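The exercises below go through one protein model, each with a solution worked out in steps. Please keep the sequence and the structure in view while reading.

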Amino acid sequence: VVRRGRQVVVPLPDFAPGQTAQAFVEVKLPPGATAFKAAARLQFVGPRADGLSYGPTAEVRANTTSQPEVAEASKDEKLAAQCILAVGSTQMVAAAEAFERGDRASAFALLGNARALFSMSADALAGDIADVAATTQRWENTHDAQAVAHEAKGLTRKKMVNFGEN
C-alpha cells in the first residue's frame, strides 16, 4: 500500500481473464467525524496508447451514528461475514508466523482473536471456528521444531487458499 497525500494506492497481483477479486479496506475516522466519503478506481494495463485503462469510479459514503440499532439495521450480513473472514484469516496467518518463530504466547493469543472474530458471525463462519479449535488443539501438543514449522506452513497455505477462494 502506498499513500500519496489523500490518495491510497493498493497494488494488486496479475489477474487472468475473467478472474475476480475483492478488496476490504478498514477506515478509521478521526474523533468527531460524522461522515465518510471515498472514491475508488481500478487502473490496469489495457489497449490505450499509453498502455493504461481505467474502470469506472465507485463511490462509498457513510455516516456515523451513536445508535446501535441504526448501525445494525444498515449492516449487510454477507459482507460483514466476508470482512470478518478476511480479518480472522489475517489473524490466523499471523498466528502461524508467531508459532513458527517460537512465540507460542502470541500465536495462541492470535488464534483467540480469530476465534472471537469468527464467533461474531457464528452461523456463516462455523467452519472457521472449528478450524481455529482444531489448530489450537494440534498446536498445544506440537513442540518439535520440524513439526512446528510444518504446522505453521500448513495453516498459512490453507488460509491463503481459503481466503483467495472467498
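**Exercise 1. Salt bridges**

Which residue meets E72 in a salt bridge, side chain to side chain?

Solution. The model is a predicted one, in which local features need pLDDT of at least 70 and side-chain atom pairs count only at pLDDT 80 or more, while totals for chains, interfaces and linings use all residues. Residues are numbered from 1 along each chain as its sequence is written, and side-chain values use heavy atoms, with hydrogens and water left out.

Step one is the rule: a salt bridge is a side-chain nitrogen of Lys or Arg within 4 Å of a carboxyl oxygen of Asp or Glu. The partner of E72 is K75, with 3.1 Å from N to O.

Step two is the surroundings, for which buried means under 20% relative accessible area, exposed over 50%, and partly exposed in between (1.4 Å probe, protein chains only). E72 is partly exposed at 45%, and K75 is partly exposed as well, at 39%.

**Exercise 2. A bridge between two helices**

Find the helices that hold E100 and K153, and say how far apart in sequence the two residues are.

Solution. Begin with the contact itself, a salt bridge in which the closest N and O atoms of E100 and K153 are 2.4 Å apart. Helices (H or I, at least four residues) and strands (E, at least two) are DSSP runs, numbered from the N terminus.

Helix α5 (residues 145–165) has the lowest confidence in the chain, with a mean of 77, and helix α3 (residues 104–119) has the highest, at 92. The chain as a whole averages 84, and 95% of the residues score at least 70. Where pLDDT is low, the predicted coordinates should not be read in detail.

**Exercise 3. The aromatic cluster**

Which residues form one aromatic cluster with F108?

Solution. Rings of Phe, Tyr and Trp (its six-membered ring) pair if their centres lie within 6.5 Å; planes under 30 degrees apart count as stacked, over 60 as edge-to-face and the rest as tilted. The whole structure holds three aromatic pairs. In one of them the ring centres of F99 and F108 are 6.5 Å apart and the planes stand at 85°, so this pair is edge-to-face. F108 also pairs edge-to-face with W139, at 6.3 Å centre to centre and 85° between the planes. This second pair links distant parts of the chain, since F108 sits in helix α3 and W139 in helix α4 (residues 126–140), 31 residues apart.

The cluster therefore consists of F99, F108 and W139. As for accessibility, F99 is buried at 1% and W139 is buried at 0%, while F108 is partly exposed at 24%.

**Exercise 4. The chain as a whole**

Work out in what order the strands and helices follow one another, and whether the chain is spread out or compact.

Solution. First, the chain has five helices and six strands, and along the sequence they read β-β-β-β-β-β-α-α-α-α-α. Second, the radius of gyration is taken over C-alpha atoms, and the globule rule is 2.2 Å times the number of residues to the power 0.38. The value for this chain is 19 Å, well over the 15 Å that the rule gives for 166 residues, so the chain is more spread out than a compact globule. Third, the C-alpha trace spans about 55 × 50 × 30 Å along its principal axes. Finally, 22% of the 166 residues are buried.

Terms used. pLDDT is the predictor's confidence in each residue, from 0 to 100.
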